[in-house]
Amino acid sequence: LPTGQETPVVTAAVIPDVEVTSVTTPAYNKWRWPALLVFIVLLLASAFVLLATPVAISISPAPAVQSLQGFPPAVMVGDRLLALPGRYTVNASLPGYVPLRQPIVIDMGEFQHFQLQLEALPGRVQVELDPPVEYQVFAGETLFETDAAGITRIPRGSHRLRIETARYLPVTADVEIAGLDQQQQFSYALQPGWATVQLVSQPAGATVELDGDVLGVTPLDTEIMHGTRTLQLSLDLHKPFVLQQAFVAGSQLQLTDIVLSPADGTLALDSAPPGATISVAGEYKGTTPATLTLESGKPYTVRLTRPGYQSMNKKVQLEPAQQQQLELALKPQYGVVFLKASPADASLAVDGKPSGTATRRLSLTTRSHTLEISKPGYVSQRLTVTPRVGVSKNIDVILKTAEQLQVEKRAAANPPTL
């Protein structure tokens with residue numbers, strides 16, 4: 001303002017209070033939350049793409065239905081899957097194959113390829129036999145179970161089947177099993193696995209056993225399974241009849257000439273004194289006491305011998321299965337020995353037993369005896385003698401002192417020189 005002019009006074013106008021109201025348009029409210037949701041989805045998708053691993057799953061044969069189960073779910077991109085690292089389960093199914101449920105682990109990083117195989121279901125095989133009997137089905141050494149409906153489940157492929165029954169010959173067949181849960185039927189005619197056998201024994205009434213199992217009594221018509229078997233016929237008071245016989249399936253066999261021999265008897269033989277040698281019909285049978293088995297109904301001569309005793313013969317005949325006890329007393333047999341000793345009052349011991357003065361007539365059993373002649377101050381003499389019946393022996397014994405024996409020994413060592 002110019003100097004000297006007054007400054008004008010401005011009076012402020014008073015503005016009354018006015019209420020301000022915020023106004024939002026309807027279009028803005030409509031798109032706000034959808035846009036936020038799209039943003040979040042795009043953000044998650046970007047994170048999934050950055051963290052996911054590309055995966056390929058190949059299944060042979062190609063399944064009709066296939067899925068990958070896990071969280072978060074895998075995403076198919078082209079011919080590959082994108083899946084976050086973790087544990088998943090591959091599910092697949094195809095008619096004729098076992099449903100697949102295979103756990104897999106997906107790692108973070110480079111491309112992973114899983115190759116899986118579907119397992120074919122076995123074939124459903126039905127076997128029809130003529131005549132219809134129970135059976136078992138084998139392939140090699142493997143037994144396949146047959147269910148109540150007569151269905152046997154056998155793996156797909158070529159097999160050599162063996163069908164076994166209780167009484168018929170086994171059936172062997174090369175077959176091709178289609179598998180894949182398909183049903184096949186095979187029919188076979190069975191051949192008898194037994195031989196028809198007639199058994200007749202003399203005498204009749206014998207019990208017949210086959211490999212230890214009782215079949216019946218003779219006369220007997222029976223069926224015996226093929227193979228080499230053991231037949232035994234048994235009858236009281238008779239020896240068992242044992243036969244190893246090969247039986248051919250489908251054949252007829254008559255065993256009508258079986259004769260059962262009477263059972264042997266037993267003889268419990270003893271002697272007094274014991275230790276006697278036994279011989280029967282000239283054959284050595286041991287020494288008494290002994291138990292002998294002898295054919296029944298046949299006469300035998302039993303002979304006992306023992307040194308110093310008379311031999312004894314005994315006639316014996318036993319009944320079937322008879323058990324007889326026999327004790328025979330042997331009579332001593334003596335021989336004579338004339339013994340003359342010097343000095344005359346020397347003493348005698350026979351077999352270790354004192355027997356009086358040495359100079360005497362001795363009656364001894366006809367076996368080996370030991371004679372010992374002794375006298376105090378003299379060297380004793382011992383000799384062995386075996387008397388004989390009807391033949392006497394003369395024995396002269398001269399006892400000498402130890403000094404006399406020494407002199408004789410020196411003289412023998414230094415014979416005189418002529």
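This is a predicted model: local features need pLDDT of at least 70, side-chain atom pairs count only at pLDDT 80 or more; totals for chains, interfaces and linings use all residues.
A residue counts as partly exposed when its relative accessible area lies between the 20% under which it is buried and the 50% over which it is exposed. Glu164, at 27% relative accessibility, is therefore partly exposed.

**Salt bridges**

- The count of salt bridges comes to 12, and one of them is formed by the side chains of Arg162 and Glu164, with a distance of 2.7 Å from N to O; Arg162, with a relative accessible area of 21%, is partly exposed.
- Asp181 forms a salt bridge with Arg153, in which the closest N and O atoms are 3.4 Å apart. Because Asp181 lies in the loop between S13 and S14 while Arg153 belongs to strand S11 (residues 151-154), the pair ties together parts that are 28 residues apart in sequence.
- Asp181 is partly exposed at 31% relative accessibility, and Arg153 is partly exposed at 43%.
- Glu283 and Lys285 meet through their side chains in a salt bridge of 3.7 Å, N to O; Glu283 is partly exposed with a relative accessible area of 47%, and Lys285 is partly exposed with 34%.

**The largest nonpolar core**

- This core has 20 residues, and those with the most contacts inside it are Ile57, Ile59, Leu68, Val90, Ile104 and Ile106.
- At least two residues of the core come from each of strands S1 (53-60), S4 (80-83), S5 (86-93), S6 (100-106) and S7 (112-117).
- Leu68, leaving aside residues up to four places away in sequence, touches Ile57, Ala74, Leu81, Tyr88, Thr89, Val90, Ile104 and Ile106.

**Backbone features**

- Most residues other than glycine have a negative phi, and most peptide bonds are trans.
- A cis peptide bond, with omega of about -10°, joins Ser60 and Pro61, and Pro61 lies in the loop between S1 and strand S2 (65-69).
- The peptide bond from Ser342 to Pro343 is also cis, with omega near 0°, and Pro343 is found in the loop between strand S29 (334-342) and strand S30 (347-350).
- Leu180 has a positive phi, near 55°, and sits in the loop between strand S13 (171-177) and strand S14 (183-189); at 22% relative accessibility, Leu180 counts as partly exposed.
- Ala281 has a positive phi of about 55° although it is not a glycine. Ala281 lies in the loop between strand S23 (277-280) and strand S24 (283-287), and its relative accessibility of 68% makes it count as exposed.

How values were computed. Residues are numbered from 1 along each chain as its sequence is written. Side-chain values use heavy atoms; hydrogens and water are left out. A nonpolar core is a set of buried Ala, Val, Leu, Ile, Met, Phe, Trp, Tyr and Cys residues joined through side-chain atoms within 4.5 Å. Buried means under 20% relative accessible area, exposed over 50%, partly exposed in between (1.4 Å probe, protein chains only). Helices (H or I, at least four residues) and strands (E, at least two) are DSSP runs, numbered from the N terminus. Contact means heavy atoms within 4.5 Å. A salt bridge is a side-chain nitrogen of Lys or Arg within 4 Å of a carboxyl oxygen of Asp or Glu.
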